[in-house]
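Colleague: I'd like to go through this model with you and ask what stands behind each description. Please set the terms out as we go.

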Amino acid sequence: MTVGIVMLVHTALNRAEQVARHWAAAGCPVVIHADDNVSRKTFKAFKKSLSDVPIIRFSPRHRCEWGTWGIVAATQEASELMLKEFPAVRHVYLASGSCLPLRPVQELIDYLAARPKTDFIESATTADVPWTVGGLDSERFTLRFPFSWKNHRFLFDRYVALQRRVGFRRRVPNGITPHMGSQWWCLTRQTLSAILEDPDRLTYDRYFRRVWIPDESYFQTLARLYSQHIESRSLTLSKFDFQGKPHIFYDDHLQLLRRSDCFVARKIWPNAGRLYRAFLTDSESALKRTEPNPGKIDRIFSRAVDRRTRGRPGLYMQSRWPNPGWENGSTCAKYAVFQGFANLFEDFEPWLNRMTGMRVHGHLFGQERVEFAGGQEVINGAISDSAEIRDYNPRAFLTNLIWSTRGERQCFQFGPRDNQDIIWELSKDPNAQIAVISGAWALPLFFSNNNFSEIRAEAALLQKVESKFLDALRSPYAKARSRIWTMAEFIEAPMEPLQMIIEELGVQSNRRLSEAPKMVDLAGFGQFLQNLKNQGMHPYLMGDFPSSPDPMPRLVKKPKPYLVQK
Amino acid sequence: MSFAQSYRLRLQRKRWLIRAFRKRRELTAVADRTEQIRKRDILLFSTMRNEKIRLPFFLRYYRDLGVSHFLMVDNDSTDGTLEYLADQPDVSVWSATRGYKRARFGVDWLNWLQSRYGHNHWTLVVDPDEFLIYPFCDTRPLSALTDWLDASSIKSFSAMLLDMYPKGRIDEQPYKAGQNPMEIAAWFDAGNYTISRNKKFGNLWIQGGPRMRAFFPKTPEKAPALNKIPLVKWDRKYAYVSSTHMLLPRGLNLVYDEWGGEKASGILLHTKFLHTFSEKAAEELERKQHYAASVEYRAYAESLRDNPELWCRWSEKYINWRQLEILGLMSKGNWA
């Protein structure tokens, strides 16, 4: 008893020849079907080169266009030939010219000999699996597909649309349940001959001739009718990417393929000389007798598909440029933005750095230059501190910075004096944590030595700018986690909001804040605001400050709460 | 895109092709070995001037990748570039003595050669200081990539220009013929690139890197474009519009994914900044044969006088393609 190999080849005939010889050398008869597209001359030479092997046959040639009936017809005839000519064959293995046996053929023969009644064919109903690519699953079986998908895509699509519109449905003959799965199977003589000699075969053939990609469903469906025992998996390792085309194996996959313990892999790049050398020279790779275990390969390929379809969040590059809304995360990591804190506290930046260990920048969007932490001129990713370069594309500046500093949380100061082109980016980014003390921009004015008319004009401007930012943060499109306090609110009890911010930043610490940043001296600030009001400029963003007496809050340390332990 | 717009682009493409056809007269074949070209060969097209010192390594690099034939245009070299190329067994070389600028920086010449010899071939258009890096380039030849692109019905492959520079002054370590230039210019900027989309041609416009950082800190909009599409399954109806930054028909420019995914892409290591650079910049300034009145070279000449060091603390040292992939400069896409 042995295994017969039905081999469908269309290109790289030299490799196909090598593999066919390999099978035959182990005593497996081989029936080769060559695509009708192979020129007669090439085919003749191919046939001649294999003429010295007695157990290799060639079946009549069909044109095998992807997704059409030709492949099934070719398989049928080749299988018939195999069953007729080689009565010792118990299992028939369908392989392609770019398949490569990974384990010694004898192991495959033994494996199948130990399971004489088992058909290895992946076969599942369309309703249950999400394999199909391109939206045609159950419709493969209920519509007609007379036009070639490869060459007449437009007609193909239009005709499908038309049938959907009209509500056309084909009847499935004899009430069979369509199944589908990998087209690379291994069937027993019993099952295969039952399919091929079925009295209703003409009916089935006529039906499947117009099914879309019948090579993935013809045998998969009919095997269900006759098989005594179906193992719904393919013995051929064959991974498909998101467009439904097979992944290709190269020389650098050698170790991976070795460790997979699969019997046959598809599809091998014809020029992967190292793979062919390694697997076709019968290695002494020890009789392992293990079950195939393609887990690692599965993971690599599914990661590749994920990379292609979802990409790396927050990355913008030459081959990833998502349309608005498709970024899948407009920045790659969380970061924090503080507005007004540096105005209210003298040493806010070093304090925040001490408390959280994060990198705390100054005003990254400052007018004169980019104030990177530590006054650096260049930072991770070689991002320059030039304000012009930043303002040329503020969004790219932000996403680049967050991308280049992956693994380290960034914090920066923001304010109404900064470049405001970024505000919608910030407010729409779920990665942004924004804390605002509104109205704190007035403090530098309060301490400045300018003429009051200038101060008044600037205050009016800054108030307008900040209220725009607050509008953005409160808009229905905002996705940032933002907290907004008026200045009056904040200074009433500054420790609580600070504690909350630190906690939200995710710093692992159960203790209460041990140290507060130093607040600027607010004596006279109420009167200053009143002066602005008297000049007709109403500063409202800072909340209600009594003009006198001075509302200087006392940053008295609260007594520690007593812990009552049981 | 409206019908009128696409028709205008079609006219523009025809115009470039006609122009290329006219400019063929400026090319004189010095060594024509194009009969060696076989059906599935990968062809490399390049135009150059006084680059002899770079050629030994350049040719070796691309031969090793699996380029079968080189089609070169020599623009009036005085250092023996032409003779050197004419002696190579797998190079066909044409000489062009007319203006580089009038031939749209060599694009017309190469468009013509590509339409003549590149039809149905994978064609690579690079300058002698550009070295293509693609995913798995250390283990798979270029034909593995082109076969995969063919199988995936992809016709064009993007490779952003990555400016490489040495540590220390640019002219500190002299480059010797045959040497790997990445040994000297081993550093690059990892994450300071800005991108916008060109609505008309559909390509991305990428700027940044050390040239923007060091030469254009006050006028970033003048920094040179870094997006390139050097590897194309050529058809005689195609035309490069400006350098290899963009092509027509515009579908070829869609080398990026718009729905959040990543397409496969590579990198062109740009080793312009060797000791030869200062000389070259001075000469090009004189000739005024470069883009936008050589604004780039003027900026270089000015900055280079004061401080010809591009290296900074945050420069990355080049290791291999996987490093570039992790940094997000290129992508494997779904090639595994």
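Modeller: Gladly! Contact means heavy atoms within 4.5 Å, and helices (H or I, at least four residues) and strands (E, at least two) are DSSP runs, numbered from the N terminus. This is a predicted model, in which local features need pLDDT of at least 70, side-chain atom pairs count only at pLDDT 80 or more, and totals for chains, interfaces and linings use all residues. Residues are numbered from 1 along each chain as its sequence is written, chains are lettered from A and ligands numbered from 1 in the order in which they are written, and side-chain values use heavy atoms, with hydrogens and water left out.

Colleague: Which residues of α1(A) meet α11(A), then?

Modeller: On the α1(A) side they are Arg15(A), Gln18(A), Val19(A) and His22(A), and they meet Gly273(A), Tyr276(A), Phe279(A) and Leu280(A) of α11(A).

Colleague: And why are α1(A) and α11(A) called roughly parallel?

Modeller: Axes are lines fitted to C-alpha atoms, for helices over the stretch in contact, and angles run from 0 to 180 degrees between N-to-C directions. The axes of α1 (residues 13-25) and α11 (residues 273-280) of chain A come within 11 Å and cross at roughly 10°. Angles under 35 degrees count as roughly parallel (over 145 is roughly antiparallel, 65 to 115 roughly perpendicular, the rest oblique), and α1(A) and α11(A) therefore count as roughly parallel to each other.

Colleague: Why is Glu216(A) called buried?

Modeller: Buried means under 20% relative accessible area, exposed over 50%, partly exposed in between (1.4 Å probe, protein chains only). Glu216(A) has a relative accessible area of 16%, so it is buried. This residue sits in the loop between α8 (201-208) and α9 (218-226) of chain A. Leaving aside neighbours within four places in sequence, its contacts are Arg140(A), His179(A), Met180(A), Gly181(A) and Gln183(A).

Colleague: What makes Asn343(A) partly exposed instead?

Modeller: Its relative accessible area is 23%, so Asn343(A) counts as partly exposed. Asn343(A) belongs to helix α13 (residues 341-344) of chain A. Beyond four places in sequence, Asn343(A) is in contact with Ala440(A), Trp441(A), Leu443(A), Pro444(A) and Val520(A).

Colleague: Which residues of α22(A) are buried, and how do you know where they lie around the axis?

Modeller: In α22 (residues 525-534) of chain A, the buried ones are Phe525(A), Gly526(A), Phe528(A), Leu529(A) and Leu532(A). These residues cover an arc of only 160° around the axis, which puts them on the same side of α22(A); the arc is that of the directions from the helix axis to the C-beta atoms. What covers them includes α18 (442-447), α19 (452-474) and α20 (487-492) of chain A. Just after α22(A), Gly536(A) takes a positive phi of about 90°.

Colleague: What is the strand order of the open five-stranded sheet in chain A?

Modeller: The order is β14-β17-β13-β18-β19, with parallel pairing; two strands pair if DSSP finds at least two bridges between them. The twist averages 15° from one strand to the next.

Colleague: How do you know that β14(A) and β17(A) pair?

Modeller: They have three bridges, in the parallel sense, and at least two are needed. Arg359(A) has Gln410(A) as its bridge partner in β17(A). Across this sheet, α19(A) lies over β13 (335-339), β17, β18 (432-438) and β19 of chain A, at about 140° to β18(A).

Colleague: Over in chain B, what makes β6(B) and β8(B) edge strands?

Modeller: Their open sheet has the order β6-β15-β8 (chain B), with mixed pairing. β6 (130-133) and β8 (159-163) of chain B each have a single partner strand, so one side of each is left without a neighbour in the sheet. β6(B) and β15 (residues 266-270) of chain B run antiparallel, joined by four bridges, with Glu130(B) opposite His270(B).

Colleague: What makes β4(B) mostly covered?

Modeller: Six of the six residues of β4 (residues 91-96) of chain B are buried. Val91(B), Val93(B) and Ser95(B) lie on one side, and Ser92(B), Trp94(B) and Ala96(B) on the other. Four bridges join β1 (residues 27-31) of chain B to β4(B) in antiparallel fashion, while five join β3 (residues 69-74) of chain B to β4(B) in parallel.
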